[in-house]
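Please read it alongside the sequence and the model.

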Amino acid sequence: MRLEKGIFAIAVRSLIQITRRPIYWVGFFGIPLFMFLFITSMMESGLPHRIPAAMVDRDGTSLSRQVTQTLAGLQTVNITQTPNSYTQAREALQKGEIYGFFLIPENFQADLLAGREPTVTFYTNMTYFVPGSILFKSFKTTAVYTKAGVAMNIADAVGADAEALAPMLQPVNIEARGIGNPTLNYGIYLSNSFIPCLLQLMIMLMTVFSLGQEIKYGTSRRLLQMADGSIVKALFAKLLPQTIIWWVIAWFMLVWLYRFNGYTMQGSWWIMGLSEFLFVLASQGFALFIFGVLPNLRLSMSICSLMGILSFSLAAFSFPVQSMYGAIGIFSYILPIRYNFLIYADQALNGIDLYYSRVWFAVYFIFILLPFTMLWKMKKYMKDPVYAP
């Protein structure tokens with residue numbers, strides 16, 4: 001039987017492998033499309049509402065009840081428990097029944113009216129960063145405005161001019177304007193971060209899996225023979241159908257986020273499309289480099305999984321790199337998703353000139369060229385495949 005050779009023959013062979021194995025259908029289409037729908041649906045309301053919290057009222061006066069009513073009336077807070085002690089509230093927090101609690105001390109009203117400055121305490125579980133941060137903001141706002149409200153009532157009772165007192169209580173009025181995301185919609189921010197990060201994870205896993213299968217079943221020799229012994233031709237043709245599929249998925253992702261869900265797009269669609277085009281190649285290049293360093297199916301997939309999962313935190317979506325420990329923050333710069341995120345912030349959110357994103361685009365090419373340093377090792381293992389389970 002004559003062995004067909006050339007890029008076209010290898011690409012057809014790779015496409016047939018994709019169509020015949022259900023795991024490829026799940027990896028290329030099932031998981032990404034499901035997560036696109038799941039994440040955007042979860043973030044559809046923009047901000048989490050009615051976050052479970054508790055109120056520990058150890059004063060039991062009209063003022064403390066007013067504070068409880070004010071807090072319960074906020075859209076972001078849902079007072080689900082009213083424990084009698086700090087211990088009970090802490091246990092509920094540790095069990096995950098609530099995300100925070102507000103504690104009003106004994107003699108709160110008496111101390112406040114007497115000017116003794118009682119201490120109001122609130123606790124939030126910052127393990128869950130988003131609900132914890134929202135509760136912290138709600139608790140702090142309630143505490144500050146409670147004190148201001150009492151001062152205004154006292155001033156009014158003694159006949160002082162409440163309007164003249166207002167500038168003393170709040171000398172500077174703050175007017176916040178969310179640039180790029182004026183509605184403060186968490187969906188706009190998190191969906192555009194997590195979905196590309198998930199895409200990077202799947203690209204890396206499927207790239208390493210497809211090459212690892214060649215070594216596992218000993219078909220890598222045939223692949224090299226079809227490429228006339230050229231590892232560059234073999235990898236290019238092998239991954240070409242996958243790259244085209246990922247480009248289609250990436251473009252669908254843009255349409256899904258910015259057209260169907262109406263997320264902020266201040267910049268150019270073509271620049272964002274170019275970013276995703278290079279992002280796919282950069283993710284494949286990063287995966288190829290890992291496979292070149294560890295040409296073992298199990299180990300390389302484990303490393304790709306680890307790097308992909310850590311990307312959700314190391315890429316600094318919700319915690320800035322500048323605030324990380326130096327030994328940890330440096331890892332954010334070795335991940336393709338970090339530069340995809342920076343380009344998204346520059347182009348889609350802020351719509352600034354492409355000139356200011358030129359460095360992030362240039363880094364994509366470093367990831368694309370990175371596997372060329374490991375071609376000699378990949379060729380060696382593909383010529384003499386040894387599968388180590």
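The chain's secondary structure comprises 16 helices and 4 strands. Helices (H or I, at least four residues) and strands (E, at least two) are DSSP runs, numbered from the N terminus. This is a predicted model, where local features need pLDDT of at least 70, side-chain atom pairs count only at pLDDT 80 or more, and totals for chains, interfaces and linings use all residues. Residues are numbered from 1 along each chain as its sequence is written, and side-chain values use heavy atoms, without hydrogens and water.

**Whole chain**

The chain has 389 residues, and 45% of them count as buried. Buried means under 20% relative accessible area, exposed over 50%, and partly exposed in between (1.4 Å probe, protein chains only). Among contacts (heavy atoms within 4.5 Å) with a separation of 6 or more, 76% join residues 24 or more positions apart.

**Helix packing**

Two packed helices are described by the angle between their axes and the distance between the axes. Axes are lines fitted to C-alpha atoms, for helices over the stretch in contact, and angles run from 0 to 180 degrees between N-to-C directions.

| Helix pair | Angle | Axis distance |
|---|---|---|
| α8 (residues 186–216) and α11 (residues 269–293) | about 45° | 9 Å |
| α11 and α12 (residues 297–314) | about 140° | 9 Å |

α8 and α11 are therefore oblique to each other. Angles under 35 degrees count as roughly parallel, over 145 as roughly antiparallel, 65 to 115 as roughly perpendicular and the rest as oblique. The contact includes Leu199, Ile203 and Leu211 of α8, and Phe279, Phe286 and Ile290 of α11. By class, this contact of α8 with α11 holds 14 nonpolar, 5 polar and no charged residues. Ala, Val, Leu, Ile, Met, Phe, Trp, Tyr, Cys and Pro count as nonpolar, Asp, Glu, Lys and Arg as charged, and the others, Gly among them, as polar.

Now the second pair. At about 140°, α11 is oblique to α12. Phe286, Ala287, Ile290 and Phe291 of α11 meet Ser300, Ile303, Cys304 and Met307 of α12. That contact of α11 with α12 has 7 nonpolar residues, 1 polar and no charged.

**Positive phi**

Asn107 is not a glycine, yet its phi is positive, near 60°. Asn107 sits in the loop between β3 (100–104) and α5 (108–113). It is partly exposed, at 48% relative accessibility.

Asp228, also not a glycine, has a positive phi of about 55°. Its loop runs between α9 (220–226) and α10 (231–260). Asp228 counts as exposed because its relative accessible area is 51%.
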